[in-house]
Protein chains: 6
Amino acid sequence: MSTLPMINDVDADETAAELFADIREARQTEYVNHFWRTLANDPSLATETWKRLQEVMGPGTLDPLVKELIYMAVSIANGCEYCIHSHTASARKRGMTAEMYGEFLSVVSMASQTNALANSMQVPLDECFLNSDEG
Amino acid sequence: MSTLPMINDVDADETAAELFADIREARQTEYVNHFWRTLANDPSLATETWKRLQEVMGPGTLDPLVKELIYMAVSIANGCEYCIHSHTASARKRGMTAEMYGEFLSVVSMASQTNALANSMQVPLDECFLNSDEG
Amino acid sequence: MSTLPMINDVDADETAAELFADIREARQTEYVNHFWRTLANDPSLATETWKRLQEVMGPGTLDPLVKELIYMAVSIANGCEYCIHSHTASARKRGMTAEMYGEFLSVVSMASQTNALANSMQVPLDECFLNSDEG
Amino acid sequence: MSTLPMINDVDADETAAELFADIREARQTEYVNHFWRTLANDPSLATETWKRLQEVMGPGTLDPLVKELIYMAVSIANGCEYCIHSHTASARKRGMTAEMYGEFLSVVSMASQTNALANSMQVPLDECFLNSDEG
Amino acid sequence: MSTLPMINDVDADETAAELFADIREARQTEYVNHFWRTLANDPSLATETWKRLQEVMGPGTLDPLVKELIYMAVSIANGCEYCIHSHTASARKRGMTAEMYGEFLSVVSMASQTNALANSMQVPLDECFLNSDEG
Amino acid sequence: MSTLPMINDVDADETAAELFADIREARQTEYVNHFWRTLANDPSLATETWKRLQEVMGPGTLDPLVKELIYMAVSIANGCEYCIHSHTASARKRGMTAEMYGEFLSVVSMASQTNALANSMQVPLDECFLNSDEG
């Protein structure tokens with residue numbers, strides 16, 4: 001159902017093979033998921049995307065689980081079915097409990113609601129937000 | 001520039017006046033921001049939205065700052081200028097540092113990129129995400 | 001602030017001049033709003049769009065005010081500032097009261113909220129909706 | 001295919017059981033649809049959402065069918081497959097005819113088209129819309 | 001899975017039958033795809049949409065393949081699964097190679113990323129873009 | 001009006017100063033636009049984004065003007081005001097004529113319309129698109 005075939009291990013060129021090896025190493029599993037097998041039709045785009053993803057989602061000032069929650073929120077608002085599933089699964093692996101997920105859903109639905117209201121009424125910005133932003 | 005006038009303290013009916021008092025009490029400031037003054041044209045919708053917002057954004061399993069980051073992510077993907085400004089300001093009040101904001105921007109831009117790629121190629125879901133979801 | 005200059009009456013070619021005359025006639029006002037003056041840089045695209053708009057928004061099985069409310073809802077979800085303002089103004093001209101607008105905002109915010117929830121959880125369709133659809 | 005299992009009648013806790021009873025009572029059918037069975041993983045979020053939905057979609061100044069059309073329009077622009085199906089089915093139950101649906105589709109497609117045009121050209125607002133808004 | 005049944009050749013009224021004949025003639029194939037069979041529930045909306053599509057996508061200053069790439073880009077950002085598939089297939093028929101598709105995906109993912117960044121930070125417009133626009 | 005101050009030449013750290021020099025060199029102008037001055041609050045994110053942009057938008061199988069049109073299409077559908085203006089200006093610098101822009105607007109508005117229709121009716125995919133995709 002994809003617009004491109006998936007690249008399996010046999011058909012992978014050198015760049016794609018290295019990418020698949022990196023993914024297996026980083027995740028400690030033999031399984032390479034569909035996104036990477038499909039994007040690997042353009043091995044250099046796939047490799048650059050993977051490298052950047054590793055940098056961005058790794059440990060930093062924000063906790064890896066918090067990063068997954070932000071990723072999920074963007075994916076939901078953008079309506080990306082694949083990313084919603086893959087990052088909800090990742091968040092669970094990183095410790096998202098049922099309670100956290102319930103609170104996450106409440107925040108996402110609240111934000112969607114007030115986004116719609118602010119857009120509907122075209123509420124003008126308050127000076128103070130701008131001051132606070134620059135502070 | 002709004003589709004509705006803002007309700008000032010003099011014009012507020014009893015429900016709106018109570019809402020404004022609640023907001024001042026909760027935030028410990030005299031200032032009532034434009035969103036609430038505009039939504040107060042429908043005092044019961046404004047009051048319900050405020051009450052629900054207080055419940056959702058208050059302390060829970062997720063940290064209030066994490067909730068603000070999720071709120072910002074949804075607002076950005078939905079393109080809501082007002083909410084982006086107001087919740088970026090709130091996140092700063094709750095402790096978002098420049099480093100955190102930089103990491104947040106990296107995650108949001110990474111997610112937007114892979115959302116576009118997964119949507120472009122219509123990548124089919126992997127069985128394992130579904131298994132992990134149900135587990 | 002537009003990507004194109006507005007076409008004024010003097011600069012209008014024959015097609016654009018006819019379009020402006022049609023708009024004035026249909027609306028019984030001398031004023032031609034910015035959307036049409038900007039789109040008139042491509043007079044044939046502007047004329048086709050105007051003709052189609054007249055057909056679509058005119059009387060039918062659905063009331064013209066109901067059509068404006070649907071138009072507003074789409075424009076809000078698409079985040080189109082210009083269309084939100086112009087169609088909120090049109091809805092008011094066609095009789096939208098403050099009460100109706102309040103109910104409209106409640107429905108739009110409710111829909112945005114459950115859209116986000118259904119997308120978040122990727123709820124599978126019920127058979128019965130499909131049966132009802134085909135019935 | 002959901003990120004959460006559906007709660008059946010046997011597994012429902014007291015809050016969820018009450019919710020399912022309310023839904024059955026309100027709709028006069030034994031069937032509880034997937035959205036509520038999935039959201040019921042967080043029984044209090046599900047119950048609040050249901051109560052609010054009943055208030056918002058009930059009789060008011062706007063006809064219940066008109067509210068369903070607004071709901072459909074938002075769901076389409078937000079790309080929510082589940083909500084498009086469930087609210088198209090609801091609109092039919094509330095009397096949407098084939099003619100009405102055809103007109104609805106024409107308005108939705110017209111709005112999407114002019115939203116894209118106004119966004120493309122970044123058309124600046126006319127003063128008169130603002131005056132009309134405040135009037 | 002559609003909200004409307006597909007109109008087959010036997011059930012087509014005169015307008016729909018003519019539309020199907022036009023499509024077959026234009027594309028030199030007996031096959032009429034699902035979009036048109038579904039939209040043909042409203043034969044006049046279907047016919048107008050088809051005629052407009054033929055005008056818009058035909059030869060002009062922009063190459064037909066370039067038009068398909070623009071169509072794909074809009075469909076991806078709008079998350080329209082059907083249009084992504086049908087226009088990716090059309091682009092291939094019009095000569096899109098694997099290299100072109102790889103570059104297309106890189107541009108789409110780059111744009112999505114900077115769109116998210118510009119929206120996140122609410123970057124103010126530079127005067128020079130406006131001057132260049134009017135030039 | 002941004003959520004971050006713009007970094008001017010004096011405040012730029014070494015990484016940001018190098019980025020600004022690169023931009024000036026590549027574009028043969030002293031002017032550094034707001035997007036880069038704002039993103040330069042996180043010099044490494046800004047530098048990586050700039051480098052990737054140069055690679056993606058440079059000459060390839062697709063013409064640089066075609067790439068700008070794709071970029072514009074995505075930015076319009078995502079409602080990013082800044083990117084719409086900056087990439088419409090870039091497209092003009094790369095040779096977009098008034099006729100091309102008119103055709104571009106027609107394609108974007110046509111795609112937006114059929115995206116809305118396909119989403120509204122939830123049209124199921126045709127087998128043949130999938131075969132063509134894999135071929």
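Me: How many residues of chain B are in contact with chain A?
Reply: This is a predicted model, in which local features need pLDDT of at least 70, side-chain atom pairs count only at pLDDT 80 or more, and totals for chains, interfaces and linings use all residues. Residues are numbered from 1 along each chain as its sequence is written, while chains are lettered from A and ligands numbered from 1 in the order in which they are written. Two residues are in contact if their C-beta atoms, placed from the backbone, lie within 7 Å. On the side of chain A there are 61 residues in this contact, and the number on chain B is 61.

Me: Which helix supplies the largest share of the side of chain B that touches chain A?
Reply: Helices are DSSP runs (H or I, at least four residues; strands are E, at least two), numbered from the N terminus. At least two residues each come from several helices of chain B, including α3 (43-57), α4 (64-77) and α6 (98-121). The largest share is 16 residues, and the helix that supplies it is α6(B).

Me: Why can the copies be said to meet through the same surface, and what rotation superposes chain B on chain A?
Reply: Because 100% of the interface residues of chain B are also interface residues in chain A, the copies meet through the same surface. Copies are superposed by least squares on the C-alpha atoms of residues with pLDDT of at least 70 in both. With 0.0 Å of shift along the axis and an RMSD of 0.0 Å, the rotation that superposes chain B on chain A is 180°. The two copies are thus related as by a two-fold rotation axis.

Me: How many residues has the largest nonpolar core?
Reply: A nonpolar core is a set of buried Ala, Val, Leu, Ile, Met, Phe, Trp, Tyr and Cys residues joined through C-beta atoms within 7 Å, and a residue is buried if 20 or more other C-beta atoms lie within 10 Å of its own, exposed if 12 or fewer, and partly exposed in between, with C-beta atoms placed from the backbone. Among the residues with the most contacts inside the largest core is Ile70(E), which touches residues of chain F including Leu69(F), Ile70(F) and Phe104(F). The number of residues in this core is 246.

Me: Is Gln28(A) buried or exposed?
Reply: Gln28(A) lies in the loop between α1 (14-27) and α2 (34-39) of chain A, and has a positive phi of about 55° although it is not a glycine. Most residues other than glycine have a negative phi. With 6 other C-beta atoms within 10 Å, Gln28(A) is exposed.

Notes: Lists of a residue's contacts leave out its neighbours within four places in sequence.
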